[in-house]
Amino acid sequence: MLYREAGQFKTTYEADQAMFPIAQDRIGVLVILAIALVIPLAASDFVIASIMIPFLIFALATIGLNILTGYAGQLSLGTGAFMGVGAYACYKLTTIFPDVNIVILVLISGLFSAGIGIVFGLPSLRIKGLYLAVTTLAAQFFLEWCFIRIPWLYNYNNSGAIEVPERTGFGGFVLAGPASPPITRYYVVLGIVIVMTLLVKNIIRGRIGRTWMMIRDMDIAAELIGVRPLAAKLSAFAVSSYICGVAGAMLVFFWLGAAEPSAFAITLSFQILFMAILGGLGSLIGCFFGAAFIWVLPVLLRTGLPSIGIEIGAETVEHVSRMIVGALIIFFLIVEPHGLARLWQILKEKLRVWPFPYA
Amino acid sequence: MLKKCALGVAAIAFAGSLAAEAVAEDSMFIPLLSYRTGPFAGSGIPVANGMYDYLAMLNERDGGVGGVKIVVEECETGYDTQKGVECYEGTKGKSPLVYNPYSTGITLQLIPKASVDKIPVLSMAYGLSAAAEGGVFPWVFNPPDTYWDGASGVIKHIGDMEGGLENLNGKKIGYIFLDAGYGREPIPLLEELATEYGFELLKYPVPGKEMQNQSSQWLNVRRDRPDYMVMWGWGAMNPTAIKEAIKIRYPMDKFIGIWWSGGDDDARAGGEGAKGYKAMNFHGVGAEYPALQDIQKLVVDAGKGHTEDGKIGEALYNRGVYNSVLMAEAIRTAQEMTGKTVIDASDMRMGLENLEITAERWKEIGLEGFAPPIKLSCGDHSGHHMMYVSQWDGEKWVPASDWFEPMTDKVQPLLQAAAAEYAEKNAPWPERTEPCAGDS
């Protein structure tokens with residue numbers, strides 16, 4: 001009843017092809033954007049620095065993986081390494097060009113990741129499915145090896161870690177480095193994530209996105225009706241790696257502040273893959289759901305359990321939150337194998353005919 | 001669309017405000033970033049127990065330090081850098097006095113934050129060696145020795161065994177290390193000493209996820225036949241390395257670990273064959289000290305804390321106690337200097353910087369002969385204190401050498417150069433603005 005589109009007539013093609021054709025969706029998105037903009041005024045530094053910033057960054061990385069796996073159907077286990085390429089590229093760029101605005105460098109560093117992604121995407125032209133997953137796994141191990149063994153990448157630091165120097169921009173704001181306030185970093189991350197999400201949304205709705213989905217659904221048929229697999233697959237790898245690279249650079253520069261190679265290990269790849277699967281493959285909103293579920297829920301459990309008066313040891317909290325999250329993952333995948341995004345879609349269908357059980 | 005998400009965000013904001021509740025005024029808050037889970041738990045548990053129990057004992061016996069109770073809260077990091085930073089962000093709003101990261105990776109993350117948030121970092125005998133330079137790192141402390149002191153001590157001991165450092169010429173010394181910030185930290189010093197004394201340094205890195213599978217590294221050791229092996233290991237890496245060394249019949253008295261590779265459980269895992277294995281140490285072992293007896297009586301027997309019976313007095317447990325002694329004494333120093341009973345983080349920084357534990361003071365706190373006197377200063381946040389080599393006799397650690405000094409003359413110039421280099425690489429690094437004691 002509330003969520004009913006009856007009576008919303010489209011009189012132009014623009015209105016019909018709009019990103020959010022239903023008025024309620026537009027209102028909902030605006031409300032969420034408004035909340036995202038005012039949340040720093042109400043929330044503590046911990047909420048911004050340890051929940052919101054990583055949540056947005058992981059959501060963006062999940063979008064990157066979702067393009068490749070959810071939309072173009074190419075299974076990848078190399079997400080963590082592609083994020084690492086972005087982070088190390090950004091670190092090298094900012095130490096070589098210290099005066100350039102860090103946001104521009106973050107966006108440029110994605111290009112390096114895209115280049116590497118294309119190289120490791122080449123095998124996808126011949127192999128599919130699990131076999132492709134193995135070659136991306138090779139990319140993961142190879143790149144991780146590079147992060148450890150090529151000292152030039154971390155400027156010959158004894159510790160082998162990259163450390164974020166202080167960077168200012170946009171009229172004196174401290175954007176990165178230890179002195180940067182979480183609010184500033186939050187708005188930078190939010191801005192980048194919003195712009196990237198809108199871009200991706202439009203790419204997916206357009207010709208390029210449709211070729212990806214055709215390749216995913218049946219590559220031979222797609223080829224027969226004129227989709228070039230080379231261009232489609234490699235562009236999916238490039239766009240996906242670009243976004244992952246930007247997310248990786250943000251991970252280090254706007255969240256962690258320093259990173260060892262182990263930050264980009266295979267566990268990160270799996271984490272992002274779980275976010276994509278749990279949120280829903282082939283759905284943008286699902287990326288945000290998945291990131292929230294895998295990242296925010298454990299943090300809430302860890303801080304929430306002790307603060308509601310349950311006195312248990314720190315390590316028990318860790319065990320309990322792992323068990324709860326694990327059980328919830330199984331529960332949600334049994335209830336809805338297509339992820340949280342599909343649940344949300346079903347809910348919308350129900351809302352559309354509410355209070356009647358059917359339309 | 002997305003209304004559900006909005007609700008979720010609101011819930012997050014609410015939960016966050018709950019987490020940021022303040023600690024009562026008449027207490028002091030010390031967060032412990034501990035790890036009782038994961039592959040490093042084997043080393044992390046005794047250290048965490050020792051730290052927790054000593055502070056709990058002070059609360060029970062003396063009502064805290066200077067009559068002010070210490071509120072201790074553990075935060076589980078699992079030795080994971082991201083979780084460590086999360087713990088830091090989650091607790092820094094509760095006005096903590098000091099952080100003990102217990103991971104070189106987390107320490108490296110916290111060093112730049114420390115000077116911004118004005119909270120000292122006490123990385124006791126780990127972390128960034130160059131942080132000993134108080135002029136560059138006013139908020140970071142790594143007493144009683146840096147890793148470079150430790151590495152120089154190991155080489156000195158090897159020199160003693162060979163009958164003089166000049167006899168090291170032409171020898172081969174293997175270095176097996178955890179391939180992370182921790183294990184890589186001493187390499188510059190070892191390389192410097194290798195060129196100076198003419199020994200060959202062979203490096204055997206052990207990747208973090210391969211800790212429990214070191215057969216390839218030890219195969220190389222068997223091929224290269226180094227005269228001595230030096231180990232920088234932690235967690236599950238230590239018992240694995242000791243077992244592998246026994247398997248290739250490496251002479252155990254020529255296998256020397258840093259103090260973090262000297263846990264009782266590490267050596268015990270090797271069984272009979274581990275007899276003779278050596279590790280550096282900078283404090284006593286055993287539970288005969290009066291303060292440790294108090295812990296047994298007031299904490300362990302009273303059913304508080306996590307410590308199992310019989311674990312008090314083990315090397316890593318005592319190390320945790322040592323760490324807490326440093327904190328408690330720094331609080332006491334700060335209380336004396338400021339005249340306040342409830343101190344804050346910047347008072348704590350002053351307390352750490354002017355920390356002095358004389359032999360008499362060690363006796364007063366019930367730890368006579370536990371460790372040599374400690375003194376820090378404005379410029380020197382580590383102090384190059386004395387250390388000794390301990391040896392596993394099959395059941396416990398026994399001293400295998402007298403207390404001796406590290407090669408301060410070799411380490412100090414390198415520390416200064418490294419600190420300057422760090423500041424330059426992380427430019428603009430903040431200048432020290434905190435006055436030294438006496439200047440203010």
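Predicted model: local features only at pLDDT ≥ 70, side-chain atom pairs only at ≥ 80, totals over all residues.
1. In chain B, seven strands form an open sheet, in the order β6-β5-β7-β8-β9-β12-β13. The pairing is mixed. Strands β6 (200-206) and β13 (397-399) of chain B stand at the edges. Each has a single partner strand, so one side of each is left without a neighbour in the sheet. On average, neighbouring strands of this sheet are turned by 30° against each other, direction ignored.

2. One strand pair deserves a look. In general, strands of a sheet pair through backbone hydrogen bonds, parallel or antiparallel. Here, β5 (residues 172-178) and β7 (residues 228-232) of chain B pair in the parallel sense, over five bridges. Within this pair, B:Ile176 stands opposite B:Met231 of β7(B).

3. Now helix α13 of chain B, residues 345-353. Eight of its nine residues are buried, so the helix is largely enclosed by the rest of the structure. Among the buried residues are B:Asp347, B:Arg349 and B:Glu353, along with B:Met348, B:Met350 and B:Leu352. What do the buried residues of α13(B) pack against? They pack against β3 (121-122), β4 (140-141) and α12 (315-338) of chain B.

4. Step back to chain B as a whole. Its secondary structure comes to 15 helices and 13 strands. The radius of gyration is 22 Å, close to the 22 Å that the globule rule gives for 440 residues, so chain B is as compact as a globular protein of that length. Its C-alpha atoms fill a box of roughly 65 × 60 × 50 Å along the principal axes. Of the 440 residues, 56% are buried. Take the contacts in chain B between residues at least 6 apart in sequence: 69% of them join residues at least 24 apart.

5. Finally, the core. In soluble globular proteins, nonpolar side chains tend to be buried together. The largest nonpolar core in this model has 247 residues. A:Ile57, A:Leu60 and A:Met250 have the most contacts inside it. Helix α3 (residues 45-71) of chain A gives the most to this core, with 19 residues. Chain B takes part too: the core draws at least three residues from each of its domain 1 (24-145 + 286-383) and domain 2 (147-281 + 388-407).

6. A closer look at A:Leu60. Leaving aside residues up to four places away in sequence, A:Leu60 touches A:Val193, A:Met196, A:Ile243, A:Val246 and A:Ala247.

Conventions. Residues numbered from 1 in each chain as written. Chains lettered and ligands numbered in written order. Pairing = 2+ DSSP bridges. Helix = DSSP H or I, 4+ residues; strand = E, 2+ residues; numbered from the N terminus. Axes fitted to C-alpha atoms, helices over the stretch in contact; angles between N-to-C directions. Buried ≥ 20, exposed ≤ 12 C-beta atoms within 10 Å, placed from the backbone. Contact = placed C-beta atoms within 7 Å. Rg over C-alpha atoms; globule rule 2.2 N^0.38 Å. Core = buried A, V, L, I, M, F, W, Y, C linked by C-beta atoms within 7 Å. Domains from an automatic or database assignment.
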